[in-house]
Amino acid sequence: MKSASGLVYTEGRFIEGSVSMSKGRLKLSPKQNGDADTHGIILPKSVNCHTHLGDAFMEKPKKCTVEELVAPPNGLKHRMLRKVSEDTQVRAMAGATSAMFLSGTSHFIDFRESGLEGARRLLMASLGSGVTPVILGRPDSDNVDEVSALLNVCDGIGFSALSDLDYRTLERISDQTRAQDRVFALHASEAKREDFGMILNLKPDLLVHMVRATADDLEACAQAKVPVAVCPTSNAFFGLVPPVREMLDAGITVCLGTDNAMLAPPCILDEARSLRAMFGEAELSDGEIVSIAFEGGRKVLNSLPGLRGAYLEHGDFFVLESPLDDPFKRVLEAKAENVRLFDRGETP
Ligand SMILES: [Zn+2]
């Protein structure tokens, strides 16, 4: 497919238009094109703002708590990560990057465990996938040299919680990350509330979850202009509900992530549907959910240190072959199999 015509999502609304390939680049035109290769809803590629592809090799676990499954060092996931072979893990992560490409994602922000070796394996899995990884590494120790080495090969650092390391060490790593113009991100208040003053004091560029955040925490988060990635599928697995309405009302930039790959395929269309299933239309409109899924991620990616301008607006699109009535609703009904990609010579 070299050209598509229909409704194009831009600046929070759908306009009539078409997109076509010209000299290897996609060009947006504000009018329909009857000769286009296909017709449908044209969306900017999504940014998956929170993944852990490292556990893609694991089967979906039975119901359990956040702590039992993902808390370091002895949650089930971490025990499995210590055992998995490189070949098995890289193959599973490559499958996940391919699934992201085919579902219309251009970038993903991964919290990659296992230090430098973890980052190396994700890079290998991403090569040639057509999606760009933003790798937030996690040091295996509090060793300054290890953090420095990670910051040289990764886009930043991502911690699982305030409790990962002692607080002074987290402060030092936050300073070191900022000094190298890299991203400092962490999970916050997922299953239980954490001290938000201590979190903000680390000057995070991105927080994940904030399920247990209070109204004051959300207010402070908005004041500090820290975006939040919410992961409704993962939250639902643990019986949690993120306060998305309250986040938007506070003025926080909200984006979507698919969290642990063992819990769900890394598909932003699925995640948007999951958010729709979690909240009624009186709480979150279709337009707000589509904006979170297809504008929030781009805004967040472009706000991160070292990554400003990484996502070109009108740079890349995909098409949902779908009728054009009520496009917001159509997007929230769509699945990966409805996605068609422009032929740019990329391979999944
Ligand atoms: Zn996570």
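Let me start with a term: two residues are in contact if their C-beta atoms, placed from the backbone, lie within 7 Å. With that in hand, contacts between residues 24 or more positions apart account for 68% of the contacts in this protein with a separation of 6 or more.

Two housekeeping points. What you're looking at is a predicted model, where local features need pLDDT of at least 70, side-chain atom pairs count only at pLDDT 80 or more, and totals for chains, interfaces and linings use all residues. Residues are numbered from 1 along each chain as its sequence is written.

OK, the overall picture. The protein has 13 helices and 15 strands; those are DSSP runs numbered from the N terminus, with helices being H or I of at least four residues and strands being E of at least two. The radius of gyration is 20 Å, close to the 20 Å that the globule rule gives for 348 residues, so the protein is as compact as a globular protein of that length. That radius is taken over C-alpha atoms, and the rule is 2.2 Å times the number of residues to the power 0.38. Along the principal axes, the C-alpha atoms fill a box of roughly 60 × 45 × 40 Å. Buried residues make up 49% of the 348. Buried here means 20 or more other C-beta atoms within 10 Å of a residue's own, exposed means 12 or fewer, and partly exposed is in between, again with C-beta atoms placed from the backbone.

Now the sheet. Six strands form an open sheet, in the order E3-E2-E1-E4-E14-E15, with mixed pairing. Strands E3 (25-29) and E15 (339-341) stand at the edges with a single partner strand each, so one side of each is left without a neighbour in the sheet. By pairing I mean that DSSP finds at least two bridges between two strands.

Let's walk across part of it. E1 (residues 3-10) and E4 (residues 38-44) pair in the parallel sense over 5 bridges, and valine 8 has isoleucine 42 in E4 as its bridge partner. On we go to E14: E4 and E14 pair in the antiparallel sense over 4 bridges, and there isoleucine 42 is partnered by valine 319. E14 and E15 also run antiparallel, joined by 3 bridges, with leucine 320 opposite valine 339 in E15. And which way do the E14 residues point? Phe317 and Val319 go one way, Phe318 and Leu320 go the other, and all are buried.

Next, domains. The assignment, which is automatic or from a database, gives domain 1 (3-44 + 316-341) and domain 2 (46-303). Their C-alpha centres lie 29 Å apart. How many residues does each domain put into the contact? Domain 1 gives 14 and domain 2 gives 17. On the domain 1 side, E4 and helix H13 (327-333) each supply at least two residues, and H13 gives the most, with 4. That side of domain 1 divides into 10 nonpolar, 1 polar and 3 charged residues. For the record, Ala, Val, Leu, Ile, Met, Phe, Trp, Tyr, Cys and Pro count as nonpolar, Asp, Glu, Lys and Arg as charged, and the others, Gly among them, as polar.

Last stop, leucine 332, which is found in H13. Buried or partly exposed? Leucine 332 counts as partly exposed, with 18 C-beta neighbours inside 10 Å. Leaving aside neighbours within four places in sequence, leucine 332 is in contact with Ala272, Arg273, Arg276, Asp286, Ile289 and Val290.
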